[in-house]
Amino acid sequence: MCGIVGYVGKANATDILLEGLEKLEYRGYDSGGIAVSGRDGVVVEKAKGRLTALREKLDRDGRPDGTVGIGHTRWATHGEPSDANAHPHRSGRVTVVHNGIIENYLSLRQRLIQKGYEFSTETDTEVVAQYLDYYYQKNHDPLTSIIKVLHRVEGAYALGILFKDHPDTLYAVRKDAPLIVGKGKEGNNLIASDATALLKHTRDVYYLENNEIAVLTADSIGFFNVDGDPVEKEESRIDWDESAAEKGGYEHFMLKEMYEQPKTIRDTLNPRIKDGNVVIEELGMTDEEIRNVGRIHIVACGSAYHTGVTGKYVFEGMCRIPVEVDLASEFRYRDPILGEKDLVIVISQSGETADSLEALRITKAAGIMTLGIVNVVGSSIAREADKVMYTWAGPEIAVATTKAYSAQLIALYLLAIRFGQALGTVDAKATASMISELKRLPDQIELLLNNKEKIQNFANHYLAAQHIFFIGRGIDYAIAMEGSLKLKEISYIHSEAYAAGELKHGTISLIEEGTLVNAIVTQDALFAKTVSNMVEVKSRGAFVMAVTNEGNTEIENTADLVIYIPQTNRFFTDSLAIIPLQLFAYYVSVGRGCDVDKPRNLAKSVTVE
Ligand code: AGP
């Protein structure tokens, strides 16, 4: 899950590469490096750690001069974070940056060692550089060398490649890792792992398909397949502007993106509300086709999986259609039983998560209908799914998702209402009332965000906490899962989410004097049951914070602190209850001095298994 960028044009490549890498640093921040082709040949500069370390090195040692270059920001998979393992990797006349994993690198490495090659890093990527050099020495043709290597490497890769003998040309390849080509203005062309690194220069892009090679010069962009045949490609236009990928005056991208949730919900909701009805054109299914759906499978990872858990409760509760929710990394290897009339929904912010992408491919290979709920336009899942429903959240930079999570919930609510209409479980009156409640969510969220002080003060009491638990029943359990993940991933505090009824079957042994338990209690039908679970942990000394609906004041008899959320439909409470939990995680993270936007060991898009 690294970030790669490349530039060929008239300007100084070093500046453009560093700017691009800054935009991509959320993809991995173990080390950074650039290679620039100029008068002195290809100059490589790299450093372990954040891009600041690389900038300091360049200020100290001098900046390479040239108008063609490649850059990399790393999330280490093979070989620890170090200067040596940092990209770019060079072998002979070839220099490479890589995002992905070369699965057969050990056997290729052995073969090259037998051919006399010596290795100086632990990375899988060095094998690619060495093999390219091996073939280039044989045929002195970059394209042929690249094709030779592609026929030998297995795994996922997006590559940026420079050949010393071809100083004015940048080569790029992709297979199962994202890479887009940016057609710049007047003789400037670029490659990047995602659009955020290109927006300053262009919004005109080409999406590379698997096993396609791009050859860029200042004035031309050519595409080839793995047989070396030219490929015609259609240009696309990105509708995000550069400011969307900026902090906009907020201290962190996560805080900015939390405050963008009201707009995100309006942008995802309004295009699908027409004349007081839910219309999801991109679904392209008739009522009869919907009625023919036997079972829904929701497949995803991390926070996207959590929206899937909420989706299960919403679909089953609103439409009485059976829903299975699966972690994509489990789904892809458990040989799932899929009925020919089933619908598989794959949810992903980035649209590039390797396990979710593979789950989609397995489903398609079985001839089952797939629907992608995706945020990044033109991403692999969006392009490969039979149908795609975009969540219009704009670029999400903070590793911990917030606005994309909220937009995914809206997409699931809309789908459930649409299915309910076709299945006859949701009539026009119910539709109208749910639409008006959905339309109230943005203002209600704004209200919760603006009342953040109470949460901020509360969070400051738990900066030194060792363990924090989240409990809930039904949809509240799904909310608890997401609340716990948000806290874990940005504050590094151990946290677990439990179905509240499960506590007494073992986990309650973890509760001791002062342990914080955050109880989510938004489902009226389960109110009393969850309160009794709160009483259980309180009797073991826990401090209980409860998130519940306005008016549930009797909960103050049990909870030590209560956060009230505005009233809404029981199926939509996740969209409101998650806000105080996002704020809690955010202020604990800030209070502990953690890097909120780039938490340790994480990356925004998990493009490897
Ligand atoms: C959530 O904050 C994390 N960034 C992570 O769990 C994420 O949800 C997961 O990796 C799935 O990513 P996707 O939505 O891009 O597929």
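Predicted model: local features only at pLDDT ≥ 70, side-chain atom pairs only at ≥ 80, totals over all residues.
Local features are reported where pLDDT is at least 70 and side-chain atom pairs at pLDDT 80 or more, while totals for chains, interfaces and linings use all residues. Residues are numbered from 1 along each chain as its sequence is written, and side-chain values use heavy atoms, with hydrogens and water left out.

Let's start with the ligand, which sits in the largest pocket. A pocket here is an open set of points on a 1 Å grid over the protein atoms alone, where a 1.4 Å probe fits and protein lies on both sides within 12 Å along at least five of seven lines; a molecule sits in a pocket if more than half of its atoms lie within 2 Å of its grid points. The ligand is surrounded by 15 residues, each with a heavy atom within 4 Å of it. Ser 348, Gln 349, Ser 350, Thr 353 and Glu 489 are the closest. Two helices, α9 (302–319) and α16 (475–491), each contribute at least two residues to this shell; helices are DSSP runs of H or I with at least four residues, strands are E runs of at least two, and both are numbered from the N terminus. The shell is made up of six nonpolar, seven polar and two charged residues, where Asp, Glu, Lys and Arg count as charged, Ala, Val, Leu, Ile, Met, Phe, Trp, Tyr, Cys and Pro as nonpolar, and the others, Gly among them, as polar.

Now look at the polar contacts, meaning pairs of N or O atoms within 3.5 Å. A ligand oxygen lies 2.6 Å from a side-chain N or O atom of Glu 489. For the side chain of Lys 486, the corresponding distance from a ligand oxygen is 3.1 Å. Thr 401 takes part through a polar backbone atom, 2.9 Å from an oxygen atom of the ligand. The protein buries 90% of the 410 Å² that the ligand exposes when taken alone, by the Shrake-Rupley method with a 1.4 Å probe.

The backbone has its own points of interest. Most residues other than glycine have a negative phi, and most peptide bonds are trans. His 87 and Pro 88, however, are joined by a cis peptide bond with omega about 5°, and Pro 88 falls in the loop between β4 (68–74) and β5 (89–91).

Asn 211, in the loop between β11 (204–207) and β12 (212–216), has a positive phi near 65°. Asn 211 is partly exposed at 27% relative accessible area (buried is under 20%, exposed over 50%, partly exposed in between; 1.4 Å probe, protein chains only). Asp 335 also has a positive phi, about 50°, and lies in the loop between α10 (328–331) and β19 (343–348). With a relative accessibility of 68%, Asp 335 counts as exposed.

Key
Polar contact = N/O pair within 3.5 Å; in protein donor to acceptor, adjacent residues only side chain to side chain. 1 Å grid on protein atoms, 1.4 Å probe; cavity = no way out; pocket = protein on both sides within 12 Å on 5 of 7 lines; lining within 4 Å.
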